[in-house]
Amino acid sequence: MLEIYAGNSALKTIQEKGFSPELFTSFLGASGGPKWFTLYALDKYIFSEFFKNKQQTINLIGSSVGAFRVACFAQKNPVVAIERFAKNYLETTYSDKAKPEEVSTKAVEMMDAIFGDYGEQEIIDNAYFKAHFIVAKCKGLVASENKFIQGLGLAQSYLNNRISRSRLDSQYERFIFQSSNSDFKLNDPENISTTRLPFSTANIRNALLASGSIPMVMEGINNIESSPKGMYRDGGIVDYHFDFEIENSGLTLYPHFSSTLKAGWFDKNLPRKVKMKHYDNTVLVCPSEKFIAALPHQKIPDRNDFVIMEREQRMAYWQQVMKESEKLAQAFDQLYQTQNINSIKNISQLLA
């Protein structure tokens, strides 16, 4: 039910030291909207059991829905937070042809569910699980809230990205809102401008909201508190599934809904692969084709479900996926308990 891939260095480390939570110093959470429901039970297992007694710090890095998950993981009770988030997302309903204002209003309500009563301060104060929300600050046409102008800017982004990913720097800056004592280091060979800003009670909520503000679908966040003035949007624009090197020592755990990795939002329909060297110390955990084939509709959830399914049908489908995700948690636990390291495949099978 579960496929596990590791980079060369990660595989060597696991073969020498076994598969244990102490190996991991970073965690990645990708964009992908309701695709995340596939990982629901696995997320809960990792942060309630696998990392239960972990005393070393771990950097949690996420964009869009990955940042929403990270915000849950860095709270005192991550399971309760993730359950609040899942319930809100599951029950969210939009009117036909919903406008960005409506979608953004519902997203604000989702922030309330994620943070609960004390979540913001708990994330800021967490000494072990250090949250990082990736956000894209927009320049030029893509900063406009006029749909026609924004659409022209996105078309320009698509063309820029086809030529070279590094050309996105002319339209976007990567902003990372993070724990004030973070030691997270990344190396981006595309040299997309990166700015880091510490969390505060004034900016953390809008930083998280911005990380999931999908272009054309939602309103952007203008002028996040304690940040440079400008328009901030979905972090997945630049870092959809991530294509940078994490320079911190230790391994990176990356539960993902797919074995297909795309660097940024504009790479989704391109054959371009992420760089294998960026995953040298990464352990990628994802559902198998067998698992997906056994799901209702033989697919994982996606945003189109809001359009093509009635509310009750969609909710029943997503609830079943959440239930089935228990099998992924059980498979991960079995790997950990039995130390069946031979089942871990080399990530070169995906990225070569």
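Predicted model: local features only at pLDDT ≥ 70, side-chain atom pairs only at ≥ 80, totals over all residues.
User: Is strand E3 buried or exposed?
Analyst: Strand E3 (residues 58-63) is mostly covered, as six of its six residues are buried. Buried means under 20% relative accessible area, exposed over 50%, and partly exposed in between (1.4 Å probe, protein chains only). Helices (H or I, at least four residues) and strands (E, at least two) are DSSP runs, numbered from the N terminus.

User: Which way do the residues of E3 point?
Analyst: Ile58, Leu60 and Gly62 point one way, and Asn59, Ile61 and Ser63 point the other way.

User: Which strands pair with E3?
Analyst: Strand E2 (residues 24-29) pairs with E3 in the parallel sense over four bridges, and E3 also pairs in the parallel sense with strand E4 (residues 129-138), over six bridges. Two strands pair if DSSP finds at least two bridges between them. Leucine 60 stands opposite alanine 131 in E4, while serine 26 stands opposite asparagine 59 in E3.

User: How does the chain cross from E2 to E3?
Analyst: The chain passes through helix H2 (residues 40-50), and this β-α-β crossover is right-handed. That term applies if, with the strands pointing away from the viewer, the path from the first strand over the helix to the second runs clockwise.

User: How many residues of H2 are buried?
Analyst: Nine of the eleven residues of H2 are buried. Among them are Tyr40, Leu42, Asp43 and Phe50.

User: Why does aspartate 43 count as buried, and what is in contact with it?
Analyst: Aspartate 43 counts as buried because its relative accessible area is 1%. Leaving aside neighbours within four places in sequence, aspartate 43 is in contact (heavy atoms within 4.5 Å) with Phe27, Trp36, Arg69 and Phe73.

User: Changing topic, where is glutamate 190?
Analyst: Glutamate 190 is in the loop between strand E6 (186-187) and strand E7 (194-198). At 16% relative accessibility, glutamate 190 counts as buried. Not counting residues up to four places away in sequence, glutamate 190 touches Ser164, Arg165, Ser166 and Lys275.

User: And isoleucine 149, which helix is that in?
Analyst: Isoleucine 149 is in helix H7 (residues 147-163). Isoleucine 149 is partly exposed, with a relative accessible area of 32%.

Notes. Residues numbered from 1 in each chain as written. Heavy atoms only, no water.
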